[in-house]
Amino acid sequence: MIIMGVLVLTPEKVAQLEKLLQDYLISIGVSLALLIDEAGNILVSVGENQDVDVTSLAALAAANFGATNQIAKLLGEDDFSILYHKGKKDNIHLSKIRDELILVTVFRDDVPLGLVRLKVNQVAKEIQEI
């Protein structure tokens with residue numbers, strides 16, 4: 001059982017979250033989906049991660065959000081809830097869910113960004129209910 005403030009993740013909830021990420025994201029072609037906390041701890045990981053150091057990815061994604069949060073404050077924003085990075089073959093979409101969770105999705109160019117954003121929004125609503 002993982003306890004984070006008021007968030008308690010039982011094995012049953014982890015299984016539900018894995019199924020959500022599988023059904024909403026992996027099924028559309030996302031190669032890797034991670035649900036992490038703001039410290040970079042991996043709560044749920046689904047998809048292909050043979051060539052990816054997911055622990056480092058999670059830590060860097062959380063740090064990326066931390067740095068971007070400070071940029072937002074400099075600009076008078078509360079925060080930026082979505083980050084997107086486009087590469088030559090892989091892309092990464094990071095989305096903040098509530099205050100303590102970040103959804104990290106890695107996908108190739110053949111998966112449309114608009115579809116990823118739509119599915120991330122849908123899965124975020126489901127995650128908040130769990």
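User: Which residue does glutamate 100 form a salt bridge with?

Analyst: Glutamate 100 is bridged to arginine 98, and their closest N and O atoms are 2.4 Å apart. A salt bridge here is a side-chain nitrogen of Lys or Arg within 4 Å of a carboxyl oxygen of Asp or Glu. Keep in mind that this is a predicted model, where local features need pLDDT of at least 70 and side-chain atom pairs count only at pLDDT 80 or more, while totals for chains, interfaces and linings use all residues. Residues are numbered from 1 along each chain as its sequence is written, and side-chain values use heavy atoms, with hydrogens and water left out.

User: Where does arginine 98 lie?

Analyst: Arginine 98 is in the loop between strand E6 (90-97) and E7. Helices (H or I, at least four residues) and strands (E, at least two) are DSSP runs, numbered from the N terminus.

User: And how exposed is arginine 98?

Analyst: Its relative accessibility is 35%, so arginine 98 counts as partly exposed. The cut-offs are under 20% relative accessible area for buried and over 50% for exposed, with partly exposed in between (1.4 Å probe, protein chains only).

User: What is phi of arginine 98?

Analyst: Phi is near 55 degrees there, a positive value in a residue other than glycine. For background, most residues other than glycine have a negative phi.

User: Back to salt bridges. How many are there by this rule?

Analyst: The count is five. One of them joins lysine 19 to aspartate 23, with the closest N and O atoms 2.6 Å apart.

User: How many residues apart are lysine 19 and aspartate 23?

Analyst: They are four residues apart in helix H1 (residues 11-24), so about one helical turn separates them. Aspartate 23 has a relative accessible area of 41%, so it is partly exposed.

User: What about lysine 89 and aspartate 90?

Analyst: Their side chains also meet in a salt bridge, at 3.9 Å from N to O. Lysine 89 counts as exposed because its relative accessibility is 52%, whereas aspartate 90, at 29%, counts as partly exposed.

User: New topic: how many aromatic pairs turn up in the whole structure?

Analyst: The search finds one. Rings of Phe, Tyr and Trp (its six-membered ring) pair if their centres lie within 6.5 Å; planes under 30 degrees apart count as stacked, over 60 as edge-to-face and the rest as tilted. Here the partners are tyrosine 84 and phenylalanine 107, whose ring centres are 6.4 Å apart and whose planes are at 20 degrees, so the pair is stacked.

User: Which strands do tyrosine 84 and phenylalanine 107 lie in?

Analyst: Tyrosine 84 is in strand E5 (residues 82-86) and phenylalanine 107 is in strand E7 (residues 101-108), so the pair ties together parts that are 23 residues apart in sequence.

User: Let's go to the surface. Which residues form a nonpolar patch?

Analyst: Ile71, Leu74 and Leu75 do, with about 360 Å² of accessible area together. Patches are made of residues with over 30% relative accessible area and no salt bridge: like charges are joined within 9 Å, and nonpolar side chains (Val, Leu, Ile, Met, Phe, Trp, Tyr) within 5 Å. The areas come from the Shrake-Rupley method with a 1.4 Å probe, and for residues only the protein chains shown count as cover. Leucine 74 lies in helix H2 and, at 74% relative accessibility, counts as exposed.

User: Which residues gather in a patch of negative charge?

Analyst: Glu38, Glu77, Asp78, Asp79 and Asp99 gather there, on the surface. Lys and Arg count as positive and Asp and Glu as negative, while His and the chain ends are not counted. The place of a charge is taken as NZ of Lys, CZ of Arg, CG of Asp or CD of Glu. Glutamate 77 is in the loop between helix H2 (54-74) and E5, and its 42% relative accessibility makes it partly exposed.
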